[in-house]
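Here is a guided walk through one structure. Keep the sequence and the 3D view side by side as you read.

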Amino acid sequence: MTSTSHDPGGRDRDTGRDETPEERADRRWGELLQELRVAQTGVQILFGFLLAVVFQPRFAELSDIDRTIYVVTVMLGSATAAALIGPVSYHRLVAGRRLKPQTVAWASRLTVLGLVLLLCTMCSTLLLILRVALHNSLALWLVAGMALWFLICWFVIPARAVARSSREREK
């Protein structure tokens, strides 16, 4: 966690808040939990869908390539769930040991990793579904377009906001 500068009135210049590092960690933890709740719900629904697919009668008709895509997708879904549930486990195991700032930092890293894995899981799921539905190479192009859209929405727009904010602060 980086140190922040305070003005003479005690306000944190980076956040505009008057809070101690512990209060900031508590606030950031609460915000992170809200974000995780949204992501975890989507992952759980998607993962449940993926687990049910193998028990459908049409699953036996999938080509070897589609079965491989399915297995990769299930593994990605598992990894995504682990990364997005990991912060809760981490917090529970270190609770009460005065490690909240470090917990928030690690939980934030796991969450970003979970979002990257979720992007991969979503794209892999789309690829499997569109290959079965379309039976042609259009599926790959559609998935590439959606991957680009996910990247823009989840990473590019926030990165631009951070860059713009940093430039404004430097002025």
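Leu-140 sits in helix 4. A helix here is a DSSP run of H or I with at least four residues, a strand is a run of E with at least two, and both are numbered from the N terminus. Leu-140 is exposed, at a relative accessible area of 55%. Exposed means over 50% relative accessible area, buried means under 20%, and partly exposed lies in between, with a 1.4 Å probe and protein chains only.

This is a predicted model: local features need pLDDT of at least 70, side-chain atom pairs count only at pLDDT 80 or more, and totals for chains, interfaces and linings use all residues. Residues are numbered from 1 along each chain as its sequence is written, and side-chain values use heavy atoms, with hydrogens and water left out.

Together with Leu-134, Leu-138, Trp-141 and Leu-142, Leu-140 makes a nonpolar surface patch of about 520 Å². Patch residues have over 30% relative accessible area and no salt bridge; nonpolar side chains (Val, Leu, Ile, Met, Phe, Trp, Tyr) are joined within 5 Å, and like charges within 9 Å. The areas come from the Shrake-Rupley method with a 1.4 Å probe, and for residues only the protein chains shown count as cover. Which helix gives the most to the nonpolar patch? Helix 4 does, with four residues.

Arg-160, Arg-164, Arg-167 and Lys-171 form a positive surface patch. Lys and Arg count as positive, Asp and Glu as negative, while His and the chain ends are not counted. The place of each charge is NZ of Lys, CZ of Arg, CG of Asp or CD of Glu. Lys-171 lies in the segment after helix 4, which covers 138–170. Lys-171 is exposed, with a relative accessible area of 82%.

Now step back to the whole protein. The secondary structure comes to four helices and zero strands. Along the sequence the pattern reads α-α-α-α. The C-alpha atoms fill a box of roughly 70 × 40 × 20 Å along the principal axes. The radius of gyration is 21 Å, whereas a compact globule of 171 residues would have one near 16 Å. That radius is taken over C-alpha atoms, and the globule rule is 2.2 Å times the number of residues to the power 0.38. Of the 171 residues, 29% count as buried.

Next, the charged pairs. How many salt bridges does a search of the whole structure find? The search finds five. A salt bridge is a side-chain nitrogen of Lys or Arg within 4 Å of a carboxyl oxygen of Asp or Glu.

Take Lys-100 and Asp-26. Their side chains meet in a salt bridge at 2.9 Å, N to O. The pair links distant parts of the chain: Lys-100 is in helix 3 (residues 100–134), Asp-26 is in helix 1 (residues 21–53), and they are 74 residues apart. Lys-100 counts as partly exposed at 24% relative accessibility. Asp-26 is also partly exposed, at 43%.

Another bridge joins Asp-66 and Arg-131, with their closest N and O atoms 2.4 Å apart. Asp-66 lies in helix 2 (residues 64–94) and Arg-131 in helix 3, so this pair ties together parts that are 65 residues apart in sequence. Is Asp-66 buried or exposed? Asp-66 is buried, with a relative accessible area of 8%. Arg-131 counts as partly exposed, at 28%.

Glu-31 and Arg-27 meet in a salt bridge at 3.2 Å, N to O. The two are separated by about one helical turn because they are four residues apart in helix 1. Glu-31 is partly exposed, at 36% relative accessibility. A network of salt bridges links Glu-19, Arg-27 and Glu-31.

Finally, look at the loops. Arg-98 lies between helix 2 and helix 3. Arg-98 has a positive phi of about 60°, although it is not a glycine. Arg-98 is exposed, at 82% relative accessibility. His-135 is in the loop between helix 3 and helix 4. His-135 has a positive phi of about 55° and is not a glycine. His-135 counts as exposed, at 64%.
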